[in-house]
Amino acid sequence: MATRCPEVAQFDAQRFDNQAEGHSALIAALKPLDVALVVMEATGGYETELACALQAAGLPAAVVNPRQARDFAKSMGRLAKTDAADARVLAEFAAVLLRREDLARFLCPLADPQQQWLAALVTRRRQLLAMLLAERQRLQITPKALHPSIEAIIAAIQAQLDDIEVRMVGHVRTHFAELDRLLQSASGIGPVASATLIAELPELGRLNRREIAALVGIAPMANDSGASRGRRRIQGGRFDVRRVLYMAALTASRRNPVIKAFYERLIAAGKCPKVALVACMRKLLTVLNAMVRTNKPWDNALHGA
């Protein structure tokens, strides 16, 4: 955490349970300290309820990549890693973030219950797909006598996957119909891509094109030193959103007139297919961001300009 004072508050490390009672106790402890920002590491979803509780209590919260926090600790010469040391580093990191002009992009939007449930459905679908792939791969290297066992598991997972997808699409239609219609007006964005963007990229339409690209992790990062010009790469960001955008851009590069023309123009200019496809991902995300901000559906004449 960081207080409104330039210096990080002096504090003793304390433990709180990651459940409703623990969240309430933490909020009660933070309220008298005039906290301006609370920073926590992403922990595979375990941080979500706490971040929402803090935001609901009027305490701005930022969820950062654990690698960012660790790199910050190393840059400050803090190599030891304990819970108390990590808490101190995160407090110092919060103080640094408070000085940034782009602090808003680090803050967690307050997710409503409908969005949280959609995020849970999207995550469960992703988990089932991973299990389904693993079982299908095992089928290829397992003796045939054991195939019925694996096939039974595959059938069970497929049934669960079908059920989750029906529930996910139904939930989107009930609570996010207008936003879903807007996103799916772009050729290449289907029900799964739309649900994922709604659930896992609530900042869509709230940031500018550079900020949203950096948040997802598809903004090219410079790698220059002196006269040397290194190859630009993408890194970090929200992997699951990026993976869905990759498939959407791949489809759009074949079926969406605007993205297809953009892709072919890059290939004709000598760009390799992978670089061209990443550029298509960035263009598609930029357009979707503008569509949500202006509440206007996809327009080939406008976005092809």
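**Close-up views of a predicted chain**

**Figure 1. Surroundings of Leu201.** Leaving aside neighbours within four places in sequence, Leu201 is in contact with Thr196, Ile212, Leu215, Val216, Arg238, Val241 and Leu285, contact meaning heavy atoms within 4.5 Å. The model is predicted: local features need pLDDT of at least 70, side-chain atom pairs count only at pLDDT 80 or more, and totals for chains, interfaces and linings use all residues. Residues are numbered from 1 along each chain as its sequence is written, and side-chain values use heavy atoms, with hydrogens and water left out.

**Figure 2. The nonpolar cores.** A nonpolar core is a set of buried Ala, Val, Leu, Ile, Met, Phe, Trp, Tyr and Cys residues joined through side-chain atoms within 4.5 Å. Buried denotes under 20% relative accessible area, exposed over 50% and partly exposed in between (1.4 Å probe, protein chains only). In the largest core, which has 52 residues, Leu118, Ile189 and Leu201 touch the most other members. Two or more residues of this core are given by each of α5 (113-141), α6 (147-175), α8 (191-200), α9 (209-216), α10 (239-255), α11 (257-268) and α12 (273-294). Helix α12 supplies the largest share, 11 residues. A second, separate core of 14 residues includes Leu37, Val64, Phe93 and Leu97. Helices (H or I, at least four residues) and strands (E, at least two) are DSSP runs numbered from the N terminus; the chain has 13 helices and five strands.

**Figure 3. Helix α8 and its cover.** Eight of the 10 residues of α8 are buried, so that this helix is mostly covered. The buried residues are Ala193, Ser194, Ala195, Thr196, Leu197, Ile198, Ala199 and Glu200. Elements covering them include α5, α6, α7 (177-184), α10 and α12.

**Figure 4. Ala248 in helix α10.** Ala248 is found in helix α10 and counts as buried because its relative accessibility is 3%. Beyond neighbours within four places in sequence, Ala248 is in contact with Gly188, Ile189 and Leu284. The C-alpha atoms of Ala248 and Ser194 are separated by 9.8 Å, although these residues lie 54 residues apart along the chain.

**Figure 5. The aromatic pair Phe72–Phe93.** Rings of Phe, Tyr and Trp (its six-membered ring) pair if their centres lie within 6.5 Å; planes under 30 degrees apart count as stacked, over 60 as edge-to-face and the rest as tilted. By this rule there is one aromatic pair. Phe72 and Phe93 form this stacked pair, at 4.9 Å centre to centre with 25 degrees between the planes. The pair links distant parts of the chain, 21 residues apart: Phe72 belongs to helix α3 (residues 66-75) and Phe93 to helix α4 (residues 83-97). Phe72 is buried at a relative accessible area of 12%, and Phe93 is buried at 9% relative accessibility.

**Figure 6. Helix α4.** The buried residues of α4 are Asp86, Val89, Leu90, Ala91, Glu92, Phe93, Ala94, Ala95 and Leu97.

**Figure 7. Lys283 over Phe262.** The charged end of Lys283 sits over the ring of Phe262, 5.3 Å from the ring centre. A charge sits over a ring if NZ of Lys or CZ of Arg is within 6 Å of the ring centre and within 35 degrees of the ring normal.
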